[in-house]
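Let's take a walk through this structure together, one piece at a time. Have the sequence and the 3D view at hand as you read.

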Amino acid sequence: MKRIKQIALGTAVALGVGISGLATTTVAQAEDSNYVPLLTYRTGPFAASGIHIANGMHDYLKMLNERDGGIGGVKLELEECETGYNAQKGVECYEATKGKGALVYNPYSTGITLQLIPKAGVDKIPVLSMGYGLSAAAVGSTFPWVFNVPDTYWDGASVVIKYIGEQEGGLDNLKGKKIGYIFLDAGYGREPIPLLEQLAEKYGFELLQYPVGVKEMQNQSSQWLNVRRDRPDYMVMWGWGAMNPTAIKEAVKIRFPMDKFIGVWWSAGDDDAAAGGEGAKGYKAMNFSGVGSDFPALDDIKKHVIDAGLSSTDAGSIGGTLYNRGVLNSVIIAEGIRTAQELTGKKVITGADMRMGLEALDLDEARLKELGLAGFAHPMKVTCDDHAGSHPVFIQEWDGKQWRQASGWIEPMTDIVRPLLEAAAAEYAQKNAPWPERTEPCPN
Amino acid sequence: MFYREAGQFKTSYKADQALMPILQDRIGLLVILAIAFVVIPVLANDFFLTSIMIPFLVFALAAIGLNVLTGFCGQLSLGTGAFMGVGAYAAYKLTTIFPDANVIVMVLLSGVFSAAIGAVFGLPSLRIKGLYLAVTTLAAQFFLEWCFIRIPWLYNDNASGAIEIPHREAFGVVVSGAEATPIVRYFIVLSITALIAFLMANVLRGRIGRSWMMIRDMDIAAELMGIRPLQTKLMAFAVSSYICGVAGAMMVFFWLNAAEPSSYSIALSFQILFMVILGGLGSLSGSFMGAAFIWILPVFLKFIPGTIGINLAAETVEHVTFMIVGALIIFFLIVEPHGFARLWQIAKQKLRVWPFPY
């Protein structure tokens, strides 16, 4: 026992000395590369969704390195940092990587995004929250450093209501209908509520809310018991991670009509829908990135990255909704870097250059085709005033084995969403006074 | 050889009863303070300050708070996270209602609210003891967390349900919000933590602290000797919650900048409890050591492979960190169930007789 105690003492001393040595660790940044940190989560309760996103983001950028030698002749230096969807760890990753010349951050968590928004302008590193995060950040004049192309959650919520209206033969027929909203009770799931409430008032439908706490994600029987009692005409879901498959299973269990159950684009994973088995047939979700793997760029990923053993991606998951979403995210990063290089004439760019690049982003049909991604996404364009763009999204349907596009591109109700976004941005600036005035020049 | 009190004679009761009667301890404390106030601010980079030192000090303070209740007064509590949350939400409300007031004062005031709430949830402690009390504090945790989610007034109707810390200045420098520099935040957190730790060191060895320990060791005997259990226990709850509340407010004002209700969940309560158990129940220095072990070690393990050039996937590092920290916790608890504070005692004893042990 005495010997063991000595070992324990020794270990404690060694740990103490080692930890004090950490104070002086700094990493030199390579001069001839562009550094892109990827905040990802392959562990924790949201790993089921996070792994596919992380793989997609990593593989596309890696493929550019292997196939083209990077962007504009400069390699990308990629580094993943594990956040576990945890805001504290996310900030830790941010602090650890921002000093290395980070170009852009993709937090993949509304909680982490909220933490980074005020920091972005101070540290001069843009935040790209692709289709998530703070909806109000779409107002570029208030939030010059935050981008949420192609859509905000409020755009998404308006599309769902519009689609339901179409199914019912017109938005006027929504009067007296009951629409249930089941959501992850965190910043993410609460984000669309103000808009849904507004629309409920305008079109006269009743909005029923079913919050699902992060802790009870995998036990939603009480929420679905309420759904069975309330009998809503439609269900809308804002779920993520383990919440999605659980909700779909529960919906199947209470025999909710699946074609009247519509998820946001983050509840559109293949594994999510597959969990419901045969009964999940007909489940719908919004989406803005390509379905399937039939794109030349994805073939290049297979050839240069997966077959070369440079990735941990399971070949079968390529073409899944979430994998493709990760790829689209990386496409926006890559195009932002390319645009920034063109605008500044520099090869190695900084976070401030990247901000200009993202603000001048113009991903049109021709460019998508050039990238080998024709039809992969709706053409998207960012302006200084509008950092989201309110681009159209489509509805996809699960046929029991895979996702199938079930509608054309549906435009969000920009006329309702935009004034609300502006009001929310003004409110944010007022609450966080003194919020800095925009001084950044507009590149386009 | 170096750590020996031989030859240090005390000629008055005052000197004999001083906080640190041994010269070497006083020198050691001065060295630690000098490192904390001078060396670290001069040498450390932003990452070290914001991701290691500031959270470490915040958690150390929270651990002191829980240690007062659990370590010194013997009342097991699982509500620490919620009490920290009360401090955070109170400070946020105070600073939005009085935007011109000094935010540091607001942070210190916020503890009063959490002390009041802590005392209310401490009422059952008169009748309920041990693990059963833990269950009632668990109720506090769930109830308060529910309040943070369901009462929009607490977060000023923020659409995301989060509190976002506004830009505030004090003494002419920016102290909170995104523009506050890590150095300023660090000094505030360090000063508050050091101040409260110093106050507690004195309270704990005085009449109040002794009455807590009497309750902990045998409440019936304490009662027979004239200690009033209700007041004493409630005071322990109040003081403990005050300290936790201040720590929680500092956590969001000077470290995170924004917090969701999930930041103050049961996971935080457990984290603090493990810091106290590993550091040593009933020891102030143990609170610091426990906080260092639980917070700094994983960060250290996470970023070390990258800095020395070993290329590992991010998730592998995460898994390995989990395993190493878990194994070390088990190892230390088997070897020394009384925590790091006891290990440090043993080390001191060995230093005393070194190099001629008998």
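Predicted model: local features only at pLDDT ≥ 70, side-chain atom pairs only at ≥ 80, totals over all residues.

Let's begin with chain A, which is divided into two parts: domain 1 covers 33-152 + 292-391 + 423-431, and domain 2 covers 153-289 + 393-413. Where the domains of chain A meet, 26 residues of domain 1 are in contact with 24 residues of domain 2. On the domain 1 side, the elements that give two or more residues are α2 (47-68), α4 (110-123) and α12 (321-344) of chain A. Of these, α12(A) provides the largest share, 5 residues. By class, this side of domain 1 of chain A has 11 nonpolar, 13 polar and 2 charged residues.

Now turn to the place where the two chains touch. Here 48 residues of chain A and 45 residues of chain B take part in the contact. Looking at the side that belongs to chain B, you will find that α3 (46-72), α12 (284-307), α13 (314-335) and α14 (339-353) each give two or more residues. It is α13(B) that gives the most, with 7 residues. The chain B side that touches chain A comprises 25 nonpolar, 13 polar and 7 charged residues.

Staying with chain B, pick out helix α5, residues 103-122. Its 20 residues reach 28 Å from the first C-alpha to the last, close to the 28 Å expected at 1.5 Å a residue.

Our last stop is a pair of helices in chain B, α8 (residues 207-217) and α10 (residues 229-256). Their axes come within 10 Å and cross at roughly 110 degrees. From α8(B), the contact is made by Ile208(B), Ser211(B), Trp212(B) and Ile215(B). Facing them from α10(B) are Pro229(B), Thr232(B), Lys233(B), Met235(B) and Ala236(B). Sorted by class, the residues of this contact are 6 nonpolar, 2 polar and 1 charged.

Methods:
Residues numbered from 1 in each chain as written. Chains lettered and ligands numbered in written order. Axes fitted to C-alpha atoms, helices over the stretch in contact; angles between N-to-C directions. Helix = DSSP H or I, 4+ residues; strand = E, 2+ residues; numbered from the N terminus. Contact = placed C-beta atoms within 7 Å. Nonpolar A, V, L, I, M, F, W, Y, C, P; charged D, E, K, R; others polar. Expected span 1.5 Å × (residues − 1). Domains from an automatic or database assignment.
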